Amino acid sequence: LLSLARSSKIMTSQTHRRAFSRLSNIISSFNRSNRLSPIRRLSTSASSDTLPSTFKGLIVEKTRGNPPISEIRDLTPSQLPDFDVTVKVEYSTLNYKDALAITGAPGVVRSYPIVPGIDYAGTVVSDRSGTFEKGTKVILTGHGVGEKYWGGYAEFARAKPSWLVKLPESMTTKQAMSIGTAGFTAMLCINALEKQGLSPKHNFQTKVLVTGASGGVGVTAIALLASLGYRVTASSGRKWTHETLTKLGSKHIIDRFSDEKVRPIDKELWDGVVDSVGGVTLAKAISQCKTNCAVAACGLAGGTSLPTSVFPFILRGVALLGIDSVYYPNAKRDEVWSRIAAKVPWNLFESATTVRRPNELSEMANQLLSGKSEEIIGRTVVDCGAF
Ligand SMILES: NC(=O)c1ccc[n+]([C@@H]2O[C@H](COP(=O)([O-])OP(=O)(O)OC[C@H]3O[C@@H](n4cnc5c(N)ncnc54)[C@H](OP(=O)(O)O)[C@@H]3O)[C@@H](O)[C@H]2O)c1
């Protein structure tokens, strides 16, 4: 306005004053309406998501020359990773990988110190990206959380928006974590087998073997398969869990496979297999798979080897399907969670779920890794409101 007035040579001291005063008004009302503030908000949002100055979390730390130690400590918001979404964690779980992380076993944690917990469910406190409204209930599994990035064993966590899935409406955060990574993986195994041709036949005639049956993947696979109409055989090494496995829907229970040597081709028994054990167990399951059927392999609780040969693949057309839940595409996760929400028999599933406090995690982790625990069956939910 000023330059216009000057260049048109109509500027008098009065017009000058008027133009100047108009400009000042425009600038101050622009500031009042806070249109410049997004830049400020972006740079300070980490501290403005109204978190308490300290909160509790379980941290695993490794100092030079010493084995890692885990303990519950006061943490500050500035210690959380600088991702867009801050979540008030309600529940996390104890998975096989978490047990390795807590006990300091190699192979899971990429850098210390870390808050373990590869999955969690809770409520969005703030989201700089604008993807989630404050108060939205969300689930996180995988994406390197609890391995590379700080995870769910704390009262608060931060994540990228693309890692989070909205909680299905019919599910609570506690139910979501009674499924957790292990249960999500069980659903991926079943989906993969069905994509390969597995389908339930009249009167539960389609036979599916579930190995590592009393573990997290195992119990969820049993519950889901039975509810979908499959005839489930559970392979388990812990006798005291048999009643629960039967309640969840197993029609038969067999012992763990312990043969030192496995014949690559054996009697044809299974239309499909969900295996979370690996090693000899996986080799034996492959050897007993029917012609043109498939095995979904997701775990290594019994070992990382695969003592078989090419025969089951080239003489029987058996398909070995590898399952990875960590980097499963986020765009497809809503669908998987919706199927879980619809198909898990929640009233029965409670018998395979225990809720524990964070201060019990260290002891539970050792028990879980022993593979012989007399206390742990199925899924262990961690109540992150009980630090
Ligand atoms: N690929 C993925 O994305 C993905 C996702 C989740 C989990 N996993 C993997 O899947 C496996 C199972 O996870 P989880 O959370 O279900 O663990 P879990 O709760 O510890 O269950 C593992 C089960 O395997 C059986 N088992 C343990 N030690 C064994 C041994 N030495 N020989 C034979 N069987 C043994 C036990 O079942 P019984 O007592 O009934 O025999 C145990 O309950 C782990 O290796 C985990 O890392 C992979």
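Biologist: Where is the place of Asn 292?

Modeller: Asn 292 sits in strand E12, residues 289-297; strands (E, at least two residues) and helices (H or I, at least four) are DSSP runs numbered from the N terminus. This is a predicted model, where local features need pLDDT of at least 70, side-chain atom pairs count only at pLDDT 80 or more, and totals for chains, interfaces and linings use all residues. Residues are numbered from 1 along each chain as its sequence is written, and side-chain values use heavy atoms, with hydrogens and water left out.

Biologist: What phi does Asn 292 have, and is Asn 292 buried or exposed?

Modeller: Its phi is positive, about 65 degrees, although Asn 292 is not a glycine. For exposure, buried means under 20% relative accessible area, exposed over 50%, and partly exposed in between (1.4 Å probe, protein chains only). Asn 292 counts as exposed because its relative accessible area is 57%. Phe 204, also not a glycine, has a positive phi of about 55 degrees. Phe 204 lies in the loop between H5 and strand E8 (207-211) and is partly exposed, at 31%.

Biologist: How many disulfides does a search of the whole structure find?

Modeller: The general idea comes first: a disulfide is a covalent bond between the sulfur atoms of two cysteines. Here the test is a pair of cysteine sulfur atoms within 2.5 Å, and the search finds 0. For Cys 293, the nearest cysteine sulfur belongs to Cys 289, 5.4 Å away. Cys 293 is buried, since its relative accessible area is 15%.

Biologist: Which residues come nearest to the ligand?

Modeller: A residue is near a molecule if one of its heavy atoms lies within 4 Å of it. Of the 25 residues around the ligand, Ser 214, Ser 236, Arg 238, Arg 256 and Ser 325 come nearest. The shell divides into 10 nonpolar, 12 polar and 3 charged residues; Ala, Val, Leu, Ile, Met, Phe, Trp, Tyr, Cys and Pro count as nonpolar, Asp, Glu, Lys and Arg as charged, and the others, Gly among them, as polar.

Biologist: What lies 2.6 Å from an oxygen atom of the ligand?

Modeller: That is a polar side-chain atom of Arg 256. A polar backbone atom of Leu 300 is 2.9 Å from a ligand oxygen, and one of Gly 215 is 3.2 Å from a ligand oxygen. The protein covers 87% of the 910 Å² of accessible area that the ligand has on its own, by the Shrake-Rupley method with a 1.4 Å probe.

Key. A polar contact is a pair of N or O atoms within 3.5 Å; within protein, one must be able to donate a hydrogen and the other to accept it, and residues adjacent in sequence count only if both atoms are side-chain atoms.
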